[in-house]
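Welcome to this short briefing. Have the sequence and the model open side by side, and we will walk through a few topics together.

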Amino acid sequence: MLKLKNVSKFYYSKGIVATGFTKVSLNFELGEFIAITGESGSGKSTLLNVISGLDSYEEGEMYVNGSETSHYTEKDYESYRKKYIGNIFQNFNLVNSYTVYQNIELVLLLNGARKKDVKKKIIEIIKQVDLEKYKDRKVSKLSGGQKQRVAIARALAQDTPFILADEPTGNLDKESSKSVLELLHKISKDKLVIVVTHNYDQIKEYVTRKITMHDGKVLEDKKIKDFNSVTLNKDNEIKDIKWYNKIRLGFRNAFNIPIKFLLIFVVYSFIVFAMFFAMSSFKEAEYLTSLEGYNQFFQNTSNKRIVIKKLDNKAFTEEDYINIKKINNVKGIIKDDLSLDSYVSLSSDSYYFYGGILSLNLIDGIDEGRMPENDKEIVIEVSENDYYIENNKEDVLNSEYSIENLYDYINNKAYKVKIVGIKYIKKQSLNNYGYSNFYVNDAIVKKISDNVNKEYSEIKYTFAGMEYISYPYSIYNEILPSKKVPAGKVVISEDLSYNCKNFKCKDYSFNINLENLYYKTSLNLKVSKMYTKKTFANLTGYKYDNYNGAIFINESQYLSLFSKGFFQSSVMIEDEKLASQTITELKEYGLSTLYMPDALFNYSQEFLRILKIIKVVSLAVLIVTLFFISYFIIKIVLKSRNVYFSTLRILGASAKGTRALLNIELLVISHLSYILFICFMIVSLDFALNIEYIKNLAEYITPYDYSILYAILLLMSILITNRYSRKLFKNTVKNTYREEV
Ligand code: ADP
Ligand code: MG
């Protein structure tokens, strides 16, 4: 049945060769009950391990049921063990965290049994070894004798033809030893039982044969009594563990040692949270960088702003605006978009704010104060850390401000407003620091954009054969509206009369040409009067001090110069992530578009690209680092489990199956960590906690990112398992066991 021919086993370690045993030739038959004795170090255990397929041999040949084994791979050994070998060890090799029942069940499940099919059999076997009372007790809480009886029960359940016991009573008292040996004898009827012992007397009443070893050799091989030879009646079919039992065991293993579970759980949770923080901080940095940069033409470079113009360069009609408003993701239109790009200063006796103008229609809520109720009330959008706001919020809200740009020089009056509401800028880019936005009534928008229009237009006039350029705000030749001047006429200073014949300019033609980005227009006027210092106020309605060289035309003609409709407007969008889609739709409508972030000239596009590279690289470094840290910790945690995995292999489990168990175990825990993470996010975002910091970071994480996090965690779990089990299984069972335990 089992035959060894000149078999030798050597141990190699660190260049030193030690002999386990040499040139052993033995023959074993089913039905025999054999005792192997010999002094310590004589090679008994080594021999038993080789027979068990737990260790390889170097010389000779071992035949099992007639076939050679010297070419066996680890896989062949796996099925050999499963099919033939039941081992019993001095130190029991049970799964301490499992109950008696579970230990026995384990070997049956590993052999492909179904849980419910083996229940009866297990109970029966437990009865046979007299442990009914302890069925559900954890093995760690049993006495030595009881443990060994569990080991025997397990071998019984395996129902293999060979039972190999290495000093099974070595750790037991006399009483227990006796009952264990009796039990072994009782189950040995149709099996080959080999018991290694150095206490032959204890066992001699049962044995059929006694082999004595000395110094790695068989010293004596003596028949004690006859035995009933049996033939191997059934060929033990080898089946692998069922997939659902793998899952079941994996789950059981995930939780059966609470402290181990907790440690691994903490490691995985650490991985998810670290990844989350890294990922979201990077995305935040990316976003903030995208806000950096400038455009010398546009002041408001919000990534919600798309500047639009008609392809035919005509002014927008009301119908255009209605249609554009209907486009998806369009939140509002700023018809007069030049106002967006003008700086406005707001000052009171104690405070000064500076920034851009936005229409109140676009506001989506305020953080302090209230919404404006009339023309003179505005909302300021400012950083929460603004010095004034931080220190004097109440006072800021109660002060009166003048808008510097709207100073009414005619009446020498400031345009006064009150800040009634504050909105906080959540994410302010660094180069916009200290810059505010003012949400104002449309009347103010209109006033400001009139000013802007004037600034953006080039105004020339020809008079008496000369061409002049009129500069806004220049006191010498600025063109100003006056209610006192009739249409078609112009009133000029007498200082200009040197151009005219006899210093009389009346009825000279006076042509004004205006040109800007969008249109050209002109007025053909005639000089009606010339003012002197004395007649100035009467003829123009202004105070002389301020406008001693200005040119006055009819007020409505003046306004018509600038009110040619809107040629350029801005669309403000709801969600910047959908910007490209909105742009496509705007283009389809026949508009040319300029999306603000695309119009930023600066380092930041370049920097963004670099930032993306940095992001990928450092996330990769982080993942690798996390992997090794977690691997290191999990390896230490799992070290205590090497016994378990070696035991599984001793019981005939394949490396692949064992790896699957570990995979499931770790995947269960990593899923729990992920669930914890998700729960934490939900709680900190929505419910009880409402943590601002997390909330802010979470804004950058999309569902796609969450799934990436999930995938990385699972991948790490699988990689850790693979790496760990590769180490665990690279050796024969005994080597692994020796190394790791
Ligand atoms: P026994 O079980 O009879 O006490 P062993 O089979 O354990 O003896 O050991 C037989 C011989 O092999 C001894 O000389 C021992 O030193 C050697 N040996 C056993 N295991 C190893 C090992 N892992 N590495 C090196 N030598 C070993
Ligand atoms: Mg030994």
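Which residue does a disulfide join to Cys 500? The partner is Cys 505, with an S to S distance of 1.8 Å. Please keep in mind that this is a predicted model, so to speak of any distance or angle here is to speak of a computed value.

**The disulfide and another cysteine**

- The count of disulfides comes to 1, and the pair concerned is Cys 500 and Cys 505.
- As a reminder, a disulfide is a covalent bond between the sulfur atoms of two cysteines.
- The torsion about the S-S bond of Cys 500 and Cys 505 is about 100 degrees, so this disulfide is right-handed.
- Cys 500 and Cys 505 are both buried.
- Cys 679 counts as partly exposed because its relative accessibility is 41%.

**The chain as a whole**

- The protein chain holds 21 helices and 28 strands.
- Its radius of gyration is 47 Å, well over the 27 Å that the globule rule gives for 741 residues, so the chain is more spread out than a compact globule.
- The C-alpha trace spans about 155 × 45 × 45 Å along its principal axes.
- Of the 741 residues in the protein chain, 52% are buried.
- The accessible surface of the chain comes to about 35700 Å², and carbon and sulfur atoms account for 54% of that surface.
- If you take the contacts between residues at least 6 apart in sequence, 77% of them join residues at least 24 apart.

**Helix H14 and its cover**

- Helix H14 runs over residues 555–562, and its buried residues are Gln 557, Tyr 558, Leu 561 and Phe 562.
- Why can these residues be said to line one face of the helix? Seen down the axis of H14, the buried residues fall within an arc of 145 degrees, so they line one face.
- The cover over the buried residues of H14 includes helix H12 (442–456).
- Strands also contribute to the cover of these residues, among them E20 (458–463), E22 (479–482), E24 (509–515), E25 (520–531) and E26 (551–554).

**Strand E13 and its partners**

- Strand E13 (residues 344–347) is covered on both faces. Val 344 and Leu 346 are buried on one side, and Ser 345 and Ser 347 are buried on the other.
- E13 pairs with strand E14 (residues 352–359) in the antiparallel sense, over 4 bridges.
- A hairpin of 4 residues joins E13 to E14, and Ser 347 has Tyr 352 as its bridge partner in E14.
- E13 also pairs with strand E17 (residues 400–408), again in the antiparallel sense, over 2 bridges.
- In E17, Ile 403 is the bridge partner of Leu 346.

**Backbone angles to look at**

- For context, most residues other than glycine have a negative phi.
- Lys 23 is not a glycine, yet it has a positive phi of about 45 degrees.
- You will find Lys 23 in strand E2 (residues 16–28), and at 52% relative accessibility it counts as exposed.
- Asn 65 also has a positive phi, near 50 degrees, and is a residue other than glycine.
- Asn 65 sits in the loop between strand E4 (59–64) and strand E5 (67–68).
- With 45% relative accessibility, Asn 65 counts as partly exposed.

Technical notes: Residues are numbered from 1 along each chain as its sequence is written. Chains are lettered from A and ligands numbered from 1 in the order in which they are written. This is a predicted model: local features need pLDDT of at least 70, side-chain atom pairs count only at pLDDT 80 or more; totals for chains, interfaces and linings use all residues. Side-chain values use heavy atoms; hydrogens and water are left out. Buried means under 20% relative accessible area, exposed over 50%, partly exposed in between (1.4 Å probe, protein chains only). The arc is that of the directions from the helix axis to the C-beta atoms. Contact means heavy atoms within 4.5 Å. A disulfide is a pair of cysteine sulfur atoms within 2.5 Å. Two strands pair if DSSP finds at least two bridges between them. The radius of gyration is taken over C-alpha atoms; the globule rule is 2.2 Å times the number of residues to the power 0.38. Accessible areas come from the Shrake-Rupley method with a 1.4 Å probe; for residues, only the protein chains shown count as cover.
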